[in-house]
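Please examine the sequence and the three-dimensional structure shown below. The paragraphs that follow lead through selected parts of the chain.

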Amino acid sequence: MTTATGLAPKRADELEHLLGPLSDPANPTGATAVLAADERAEMLTAGEALLHSYGLNAEFVPPELGGRLERADHLAEVMRALYRRDPALGLGYGASSLIAGVTLWTAGDERQTERAAGLLLDGRRIAIAFHELAHGNDMAGTEFAAHTAPDGGLRLSGRKEVVTNIARADAMVLLARTDPRPGPRSHSLVLVDRASADPAHLTDLPRFGTVGMRGVQLGGLSFDELPVPASAVLGPVGSGLETALKALQITRTVLPAMTTGILDTGLRIALDHLTGRRLYGGPATALPHVRSVLAGVFADLLRAEALGAVGARALHLAPGAASVYASAVKFEVSRLLLEAMDRLAELLGAHFYLREGPTALFQKLLRDLAPVGFGHIARAACQMSLLPQLPLLARRTWNRPGTEAPGDLFALDRALPPLPYDRLALHAAGRDPIAGSLHALLDAPWTPEHADLRAAIAGDRADLAELAAVCGQLSPVDLGVEARPEHYDLVTRYVRLLSRTACVQVWRHAGPGDFLADPAWARAALHRSAPGPHRPGPLPAQVEDALFAELLDRRATGRSFGLTGRQLAV
């Protein structure tokens, strides 16, 4: 069966070809070199040189500034080529500059954005320093200060720690307190040019040791009254938190989406190992339990990429709702990836932690994946940001059958308008076209052979109505940081429904002959996300057989295991 290669930009194929076969020990960007760099706790030098010649930073710059950042979903697919082989290279060379970049594209003036674009297109780096160790995801608690000096400029004081590339970045975007009083207007974003900064006011801090991402330069800086001009502030003074929360909606969506490349390779390593391993007179993959786990992980990878793809498209087509979808993608995709890699580790047994041999890359991928659950923003913080929005979503969308999803939201091969940075909002104001599409989806024509899928959607529609009734009764006390655990469970329940809807809609909108048009994966996605406190049981036999056959075919033909099924340089 064909796969949706048209969903991915040709640039992803070009980068994959340049990176070369992962299994070739002579390849300077292959697994052997990646593992050697990790053992030395260094970035892969050959990889950074290759990415510089390829011009990867152009993926983070809008077209009007000379770059290639046209589509969020295409950006995720390009970056998966890196995360499949070396997540440290993906984060250390590119993703950190992406976070800084979208912040600048959201709030920077012409001079600031042109300066930032020039740096990135020249292959340089911009560090982003929002959080502080003492305050975690509570950005409003940031103590790093910028006070006004007699000359009208600013003086920066405080510490920024565990910041990617801060020691080698040419510029930095810093969240700083510009008003000692509490409140949403107490912080500003400041763009600092490292080259022109007075080194007498800066002290480099040592890198914190980490279990994963060992090659990434996670350094820190201590600022002692560093002078910067007033023009260094991004947007109006006091708008820092608002800008950060808007811009992070883009990166909260695309960063987990690109990280699915880790599971792609993890699944390939496990499948290769278990296919060659002889147990009880045959290959390990002949054992029912092994087949079941592998097929289930494959289904979960497809689920994760489907939700990520729809979330990325929503940034273009429904930016007003992105505050909800970004947190949902971060919360659910990270969970799927972490749990799936753990299941593969169980199958691999002792081989999952070996640092030598054919499965050695798995232990590095497993360690490097861990930050997907807490880096940038923690999963718990995503729950906290979603919970207060549920009552309004329930009243304005979930109980209104007339809600329509934007055209092409679920048709992954369709064109998209430019990213509307200026239309991102702090709150969705009750807008939820994905969950709202359940009404129209249930009323759409269904063929008899898909009656089981329609029945599942009918159940989801009833569950959404019940969830709306519960959320509609929540009081302000139930929505704050001290909300009871059962209220946070409502978020988990909502995100599950959102994910199920996205998967079925992607299936319904897939083109004829495409693997995504096969109902087997949609059935698997619904089965794997069925409600209940325990892990779902084995897939139905026919569904499992179809997914396992597809998995083996992709392995044999060297294609990725995600939605696009792209040809890999295996």
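A residue is called buried when its relative accessible area is under 20%, exposed when that area is over 50%, and partly exposed in between, with a 1.4 Å probe and protein chains only. The model is predicted, and local features therefore need pLDDT of at least 70, side-chain atom pairs count only at pLDDT 80 or more, while totals for chains, interfaces and linings use all residues. Residues are numbered from 1 along each chain as its sequence is written, and side-chain values use heavy atoms, with hydrogens and water left out.

Helices (H or I, at least four residues) and strands (E, at least two) are DSSP runs, numbered from the N terminus.

Which strands pair with E4? Two strands pair if DSSP finds at least two bridges between them. Strand E1 (residues 126-129) pairs with E4 in the parallel sense over 4 bridges, and Ala129 stands opposite Leu174 in E4. Strand E5 (residues 187-193) pairs with E4 in the antiparallel sense over 7 bridges. In that pairing, Met172 stands opposite Val192 in E5.

The next topic is the set of salt bridges. A salt bridge is a side-chain nitrogen of Lys or Arg within 4 Å of a carboxyl oxygen of Asp or Glu. By this rule the model has 46 salt bridges. One of them joins Glu77 and Arg566, whose closest N and O atoms are 2.7 Å apart. Glu77 lies in helix H4 (residues 72-83) and Arg566 in the segment after helix H17 (541-557), so this pair ties together parts that are 489 residues apart in sequence. Is Glu77 buried or exposed? Glu77 is buried, because its relative accessible area is 2%. Arg566 is buried as well, with a relative accessible area of 1%.

Another salt bridge is formed by the side chains of Arg185 and Glu242, at 2.8 Å from N to O. Since Arg185 lies in the loop between E4 and E5 and Glu242 in helix H7 (residues 240-276), the pair ties together parts that are 57 residues apart in sequence. Glu242 has a relative accessible area of 24% and is therefore partly exposed.

A further salt bridge connects Arg528 with Asp300, the closest N and O atoms being 2.9 Å apart. Arg528 belongs to helix H16 (residues 519-528) and Asp300 to helix H8 (residues 288-317), so parts that are 228 residues apart in sequence are tied together by this pair. Arg528 is buried at a relative accessible area of 13%, and Asp300 counts as buried at 3%. Both residues also take part in a network of salt bridges that links Asp300, Arg303, Glu332, Arg335, Glu339, Arg343 and Arg528.

Patches are made of residues with over 30% relative accessible area and no salt bridge; like charges are joined within 9 Å, and nonpolar side chains (Val, Leu, Ile, Met, Phe, Trp, Tyr) within 5 Å. Leu133, Val162 and Phe208 make a nonpolar surface patch of about 250 Å². Accessible areas come from the Shrake-Rupley method with a 1.4 Å probe, and for residues only the protein chains shown count as cover. Val162 is found in strand E3 (residues 154-164) and is partly exposed, because its relative accessibility is 33%. Its phi is near 55°, a positive value in a residue other than glycine. Phe208 is found in the loop between E6 and E7 and, at 39% relative accessibility, counts as partly exposed.

A patch of positive charge gathers Arg395, Arg396, Arg400, Arg423 and Arg431 on the surface. Here Lys and Arg count as positive and Asp and Glu as negative, while His and the chain ends are not counted. The place of a charge is taken as NZ of Lys, CZ of Arg, CG of Asp or CD of Glu. Arg400 is located in the loop between helix H12 (390-398) and helix H13 (433-443). With a relative accessible area of 49%, Arg400 is partly exposed.
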